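Here is a friendly briefing to read alongside the structure.

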Amino acid sequence: MKVKPRFYLLLIICLFSTSLFALPFQDGEKLTFSVKYGIIKAGTATFEAKSSTYQNRPVWRLCINAQTYPFFDVVYKIRDKIESWWDKETLLPHKSSKQLHEGKYQQYRIHYFDQVNKKTTYMKWSYKEEKWKTEEKNLPFETQDIVSSFYELRNRSLKPGDKPKLYVTTDGKSVVTTVKVLRREKVSSIFGDVNCLVLEPDMKSEGIFKGSSKLLIWVTDDAYKIPVKVESSVSIGTFVVQLEDAQNVPYKIKKSN
């Protein structure tokens with residue numbers, strides 16, 4: 001089956017920042033990744049977490065930007081921006097926004113969440129009609145969005161053999177997904193050689209990880225679980241994503257990849 005590449009799959013490389021709880025992240029954390037297709041450095045992705053407010057509530061505003069370099073645009077152009085407004089107290093999102101421009105494909109979608117009453121307002125922009133299409137949907141559970149779900153995951157204690165579940169709503173669908181913790185492995189990174197956990201998301205859950213036949217993520221095997229590497233197999237080949245810069249993290253950069 002041919003699988004369409006969806007650059008936002010790299011979103012599982014999530015950022016972290018401190019909250020009202022003892023989360024192992026810092027305000028203003030910024031992670032910058034290089035995206036390689038084969039031996040070609042095709043683009044970059046940045047992930048930032050900043051303190052903000054949403055309707056007078058303290059939140060983490062999580063922002064992910066991904067883009068290919070101009071020379072690679074002729075192969076497959078990427079201009080993606082995904083945001084989440086994640087409540088610092090409940091650790092649940094109030095709003096998520098996703099704007100994708102991938103090749104000829106475009107998407108602009110917004111979710112507003114009412115976690116108490118388990119409802120969501122789902123807005124989908126029609127480029128053809130140039131207007132919003134809005135649906136009110138019930139939520140089967142308290143839910144994360146595609147970004148905040150990985151913050152929540154990385155706040156857990158993980159070890160090889162674990163299969164934590166994620167409860168996620170995106171693109172008008174609510175699903176339960178499993179992430180396998182495969183093994184421990186030492187990898188080379190900008191922090192030097194670090195011990196990592198290798199994670200593999202369940203690719204069967206359409207609407208979260210679609211676009212890749214297989215996805216592996218290496219996160220530091222500690223309380224911080226900083227993502228340092230991702231491998232994603234898509235229809236046009238294999239993308240390798242590596243951390244190349246990090247700000248406001250508890251590690252010192254030792255070398256550049």
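How many bridges join strand 9 to strand 10, and do these strands run parallel or antiparallel? Strand 9 (residues 165-170) and strand 10 (residues 173-189) run antiparallel, and 6 bridges join them. Please keep in mind that this is a predicted model.

**The hairpin of strands 9 and 10**

- The hairpin of strand 9 and strand 10 has 2 residues between the strands.
- T170 stands opposite K173, which belongs to strand 10.
- D171 takes a positive phi near 50° in this hairpin.

**Positive phi in two other loops**

- N56 is not a glycine, yet its phi is positive, at about 70°.
- You will find N56 in the loop between strand 2 (40-54) and strand 3 (57-68).
- N56 is exposed, with a relative accessible area of 79%.
- L91, also a residue other than glycine, has a positive phi near 55°.
- L91 sits in the loop between strand 4 (79-87) and strand 5 (93-102).
- Is L91 buried or exposed? L91 counts as buried because its relative accessible area is 15%, and the cut-off for buried is under 20%.

- K95 lies in strand 5.
- K95 is buried yet has no salt bridge.
- Leaving aside neighbours within four places in sequence, K95 is in contact with Y54, E83, S84, W85, I110, H111, Y112, F113 and D145.

**Salt bridges**

- The count of salt bridges comes to 16.
- One of them joins the side chains of E89 and R57, at 3.3 Å from N to O.
- This pair links distant parts of the chain: E89 is in the loop between strand 4 and strand 5, R57 is in strand 3, and they are 32 residues apart.
- E89 is partly exposed, with a relative accessible area of 46%, and R57 is partly exposed at 32%.
- R57 and E89 also belong to a network of salt bridges together with D87.
- K133 and E129 meet through their side chains in another salt bridge, at 3.2 Å from N to O.
- K133 is partly exposed, with a relative accessible area of 41%, and E129 is partly exposed at 41%.
- E135 forms a salt bridge with K137, where the closest N and O atoms are 3.5 Å apart.
- E135 is partly exposed, with a relative accessible area of 40%, and K137 is partly exposed at 25%.

- Which residues make the nonpolar surface patch of about 360 Å²? The patch is made by I39, I40 and F71.
- F71 is placed in the loop between strand 3 and strand 4.

Notes:
Residues numbered from 1 in each chain as written. Predicted model: local features only at pLDDT ≥ 70, side-chain atom pairs only at ≥ 80, totals over all residues. Heavy atoms only, no water. Pairing = 2+ DSSP bridges. Helix = DSSP H or I, 4+ residues; strand = E, 2+ residues; numbered from the N terminus. Buried < 20%, exposed > 50% of the residue type's maximum accessible area, 1.4 Å probe, protein only. Patch = residues over 30% accessible without salt bridge, like charges linked within 9 Å, V, L, I, M, F, W, Y side chains within 5 Å. Areas by Shrake-Rupley, 256 points an atom, 1.4 Å probe, with all protein chains shown as cover. Salt bridge = Lys/Arg side-chain N within 4 Å of Asp/Glu carboxyl O. Lys, Arg positive; Asp, Glu negative; His and termini not counted. Contact = heavy atoms within 4.5 Å.
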